[in-house]
Amino acid sequence: MNKITSPVRVIPIECKFGPISAFAYYVDAPEPAIIDTGISISARQDIEPTLAQHGIRMEDIRWILLTHGHVDHLGGAYAVWEKTGRNAKVVIPKKEARLLRDKNEQIVDYKSLQGKYITDPAIQEKHISMLTTDIGGTIEPDLEVVDGDSIHLGGDITLKVFETPGHSIGSVTFVLDGLDWAFAADAVQMYGGFSGLPTIEEPISYRKSVQRLLEEVCPTRLFLGHPFRNINGVLESAQIEGEQVAAVLQASLDMDAKLVDLVKRHLANGLPTKQSGLYGPFGSIAGEIGYKGDPRNLPCAFFVTMNGYHEELIGSHVK
C-alpha cells in the first residue's frame, strides 16, 4: 500500500439542476483531478465558481475522472475539458466509454430502461431532448479503465480503480491509496435519492459491489454522488466518514433485500396484464410502499429499478 505523507484536500462541489443535485469532487494533487462533472451547465454554474473560491483555476485540472456514464455525472465532461484548454486527460470505465463518445448511446440506454415503460411519445421525446441538452460535446477518452488500474496524480497520490457495477453496468469506484477514501458516486444508494428509491440497473451486480466495498475496500471515507435517504426517509450528507461508512453500506444492502422481497411477492407470476396508472405493471408495489414519485420525471428511479429486480426474478426462475 502507498503511504501518503501529506494531507490530501478534497473539495466537494454540488452541481445543481432542477430540484436535484449531483456532487463532483476536486482532488488536490500535483496533477489535480476532478471526479465527475455534473451536467453541461455545471462547469460554468457550479464547478468553476466553487473552485475559484478556493483559489483554483479550471485550467490547472489535469485529470477528469468519470465514475460512470450517466448524464448527471458525465454531461459536464466536455465543458470542463474545454475550460482546461483541452489539456486534461479524460478517464471513464471501459464498459461505459460508448456513452462518452456518442450521445445516441444515452438514448439507447434510456429506451431500454425508463423509456421502456413510458407510453406517451411526447414524454419520451421530452426526455430525449433533455438528455442530449444536458450533455455537452462528445469526447474520445484518453483512458478506459478496468478493475485494478491506477491513476497516478503525482507525488504520493494514487487512485486505484475498483469496478462496482449495479447502479449502471460499468460503474467504478476510485479509492485513494493509503487513505482508503472511496469516491463511489452512485454505486451506493442507501434507501434512494430525491425520487425515493435507489436507482439500480443490475441488482446482482449492485449487491456484490456494495458487499465488496464493505468487506474488501473498507473505506474510511465515502464520497457519494448525491445525498441519499436513510431508513427514515431523511436525506443524509453525500460525504460520510468513520463508523457511519459501514452503516451506510449496510443500509444499502438492507434496502436491496427489501426490494428483492417486494418484487418476489408481487411479480412471482409475472407482470400483470393490467397497467396501473402512472406505475404501469408495478402499481401494486408502489401502493404497498406508499411510493409517490412521478416516473414521468427524468431522472426517476422507479421504472429502472423495478425493471432490474424483475429481470433478476426472471433469471432466478430460469435457473
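## Two helices side by side

A crossing of helices is left-handed if the near helix is turned anticlockwise from the far one by less than a right angle, and right-handed if clockwise. In this predicted model, helices α7 and α8 cross in the left-handed way. Helices here are DSSP runs (H or I, at least four residues), as are strands (E, at least two), and both are numbered from the N terminus.

Helix α7 covers residues 203–217 and helix α8 residues 244–267; their axes come within 9 Å and cross at roughly 160°. (Axes are lines fitted to C-alpha atoms, for helices over the stretch in contact, with angles from 0 to 180 degrees between N-to-C directions.) That makes α7 roughly antiparallel to α8, a label for angles over 145 degrees.

Who touches whom? On the α7 side, the contact (heavy atoms within 4.5 Å) includes Pro203, Tyr206, Arg207 and Val210. From α8, Ala246, Leu249, Gln250 and Asp256 are among the residues that join in.

Start at β1: eight bridges pair β1 with β2 in the antiparallel sense, and Phe17 sits opposite Ile20 in β2. These two strands make a hairpin with two residues between them, and Gly18 in the turn has a positive phi of about 60°. Further along, β4 (residues 63–65) and β5 (residues 89–93) run parallel, joined by three bridges. There, Ile64 faces Val90 in β5.

## Around Val71

Val71 belongs to helix α2 (residues 71–74). Is Val71 buried or exposed? Val71 is buried, because its relative accessible area is 10%, and buried means under 20% (1.4 Å probe, protein chains only).

Setting aside neighbours within four places in sequence, Val71 is in contact with Gly38, Ile39, Gln106, Leu131, Asp134 and Ile135. Leu100 lies 29 residues from Val71 in sequence, and the two are 9.4 Å apart, C-alpha to C-alpha.

## How to read this

Residues are numbered from 1 along each chain as its sequence is written, and side-chain values use heavy atoms, leaving out hydrogens and water. As the model is predicted, local features need pLDDT of at least 70 and side-chain atom pairs count only at pLDDT 80 or more, while totals for chains, interfaces and linings use all residues.

Note on methods: Two strands pair if DSSP finds at least two bridges between them. Buried means under 20% relative accessible area, exposed over 50%, partly exposed in between (1.4 Å probe, protein chains only). Angles under 35 degrees count as roughly parallel, over 145 as roughly antiparallel, 65 to 115 as roughly perpendicular and the rest as oblique.
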